[in-house]
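Try each task before you read its solution.

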Amino acid sequence: MLEGLMLGLSAAVTPFNLIMVVMGCVIGTLIGMLPGLGPMSIIAIMIPVAIGIGDPTAALILLSGVYYGAIFGGSTSSILLNAPGVAGTVATAFDGYPMARKGQAGKALTIAAVASFAGGTIGAILLMIFAPALSSVALLFHSAEYFALMVVGLSAIAAFAGTGQVAKALMMTILGLMMGTVGEGALSNMPRFTFGMMELQSGFSFITLAMAMFALPEALFLVMNPARAATGDSGKITGMRITGAEARSIAPVIGRQSIQGFFIGVLPGAGATIASFLGYAVERNIAKGAEQEEFGKGSIKGLAAPETANNAACTGSFVPLLTLGIPGSGTTAILLGALLALNVTPGPRLMTDEPQVFWAVIISMYIGNLVLLILNLPLIPYIAKILTIPRTFLIPFILFFTLMGSYLGQNNSTELLILVGFGVIATILRFADYPLAPLLIGFILGTMLEDNFGRAMQLYRGFGFLLERPMTLALLVLAALLVVLPSFRAYRARRRAEGVADGD
Amino acid sequence: MALDRWIALAFIALCCVYGYAAFFTMDDLLPPILQRNPVWPSTFPKILTVMGIVVGLIVLFTPKPSGDKAEIKDGTIDLSRLGDYHVGQAIGLLVLMVAYALTLRPFGFLGATIGFLVFGATLLGERRFHVLIPVAVIAAGSIWYLVQEVLGIFLRPWPGFLM
């Protein structure tokens, strides 16, 4: 591990990469604050830039910087305006906004910054410990197990979508898988489902799809419903100091939530959103008497818990991505796509083939968290100013960036028409409350899923591998259970639907 | 019928089309040597078709949990009052995006982009053209510089007949 760390240090601590970390954090924070633009949209917008860099280490460092920055930025708008920019920071607004209203906005932002820093850093340490262990186990996997594992991942994403949403999420996953089969397959070079169109020969571009699924509907929602972007005046931000007693009371919360958030982040499909809600709920249940009453009215514990948990979960979601090559959330799915475009295949071989990429990312996590803390504490009052950009300027620019992002990937204006078409479809799907992250994850995993499925079929001359390899069978049973159990429980309980379906 | 069921129905229809292509048309093109393979290019789509139709039917026929409508979150769109929202502006922007796609080549990057930003903002109600036009020009110019010079991706800046 030590030599890995040294390798990472030498790869990450170059002037260029340090600039990338700083740039990523700044861009992520600035855009993450804008209501509606979550890490997924921002990373999708940044991908052409990252691919343009060419060096996978620098690109991944930039994108992960953007990721933490976005989560952190989202908490700023949650606290100041009660307008969470990101699903993962909705729970932050529960106690952050009441604090801001009581005139403690500065303190709330400081607690958020410190809690994010601690969550991210502890998460990075855990990642460093668990990822190598997991990836050595993963080396024992064959294509049959990979196939089964991806099925588990996809069904976990559907299963965690929330009560009453499982079937819808599953439907979106299958739609994504179907879209992944368009174009020339890997098994044979036969074009499939292209309807004779040259543009579809190489399949849909994943950047276009990512933009169309997230950035475009969000921008259209902002147009249609101006209340969504409710901009208020940022007001005066004073009194950023935390007292010693306060620090002592939030320290155990931060400790617990870093670990809990990390492990929730590791689970495919759970991600930062679930981690933050669960973190908030757990801390409220643990708190005693008067402190419990305080939750929802401006409790510092209630603010620290989701902030720590969502950052730790962001780090945790890198574990399945880097060790198994399976993205657990929409954001890591986009990262996976970017990595594939840079000719790096995340997975168990990553640690042996390109250890510098893996370790540089871990080191950049420490640096990124530190940069966020140093950069953002003094800048907090100024950062809030971006929220006053009038939407008449903001929305055309967001749309323009989505157009640019998909144009630069292919250099083809047909791509822009595809973008608009899918954007309209995605908006309609959003109207009907269909989760879109499973679609994108299905699309990205689809090709790999089919590859491994085909390879297993060829090795075992048919479906025999399902029964001959016990681990495959066990994983597939697990996948089936994951899908069936929540539906079964929902059927029995038939309680009110939760509204946490949005991916992070 | 609620919108999500219409979507489920459309999805089932899509599965049928997709499945028809997978089951009946794709295998004809397969060279005989590949037909000895245990897995064909159409195998995976066939499985997807079956699963898709099953899941689509489940969504179509699952009863809605009662009391679902109680909480309408702040900032979400309530479809029953669609008329209250600025749907026209959203459609206008979509048309503008299509126009951008069509004019990008003939007008060049700078012309199309400045046009898109200015018209987009005007559509949303911006009338301060003395601010808007300089902002659009500077943004288009600096993004062109960034893409062309820094990232090295070719973007034709001027209309086609000029260069």
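**Exercise 1.** Decide whether B:Gly88 is buried or exposed.

*Solution.* Start with the cut-offs: a residue is buried if 20 or more other C-beta atoms, placed from the backbone, lie within 10 Å of its own, exposed if 12 or fewer, and partly exposed in between. Now count. B:Gly88 has 11 C-beta neighbours inside 10 Å, so B:Gly88 counts as exposed. Then place the residue: B:Gly88 is in helix H3 (residues 87–123) of chain B. Helices (H or I, at least four residues) and strands (E, at least two) are DSSP runs, numbered from the N terminus.

A note on the model: it is predicted, so local features need pLDDT of at least 70 and side-chain atom pairs count only at pLDDT 80 or more, while totals for chains, interfaces and linings use all residues. Residues are numbered from 1 along each chain as its sequence is written, and chains are lettered from A and ligands numbered from 1 in the order in which they are written.

**Exercise 2.** Check the span of helix H8 (residues 206–224) of chain A.

*Solution.* The expected span is 1.5 Å times one less than the number of residues. Next, look at burial. H8(A) is largely enclosed by the rest of the structure, because 19 of its 19 residues are buried.

**Exercise 3.** Find how many residues of chain B are in contact with chain A.

*Solution.* Contact means C-beta atoms, placed from the backbone, within 7 Å. By that rule, 58 residues of chain B touch 56 residues of chain A. H3(B) gives the largest share of chain B's side, 16 residues.

Key
Contact = placed C-beta atoms within 7 Å.
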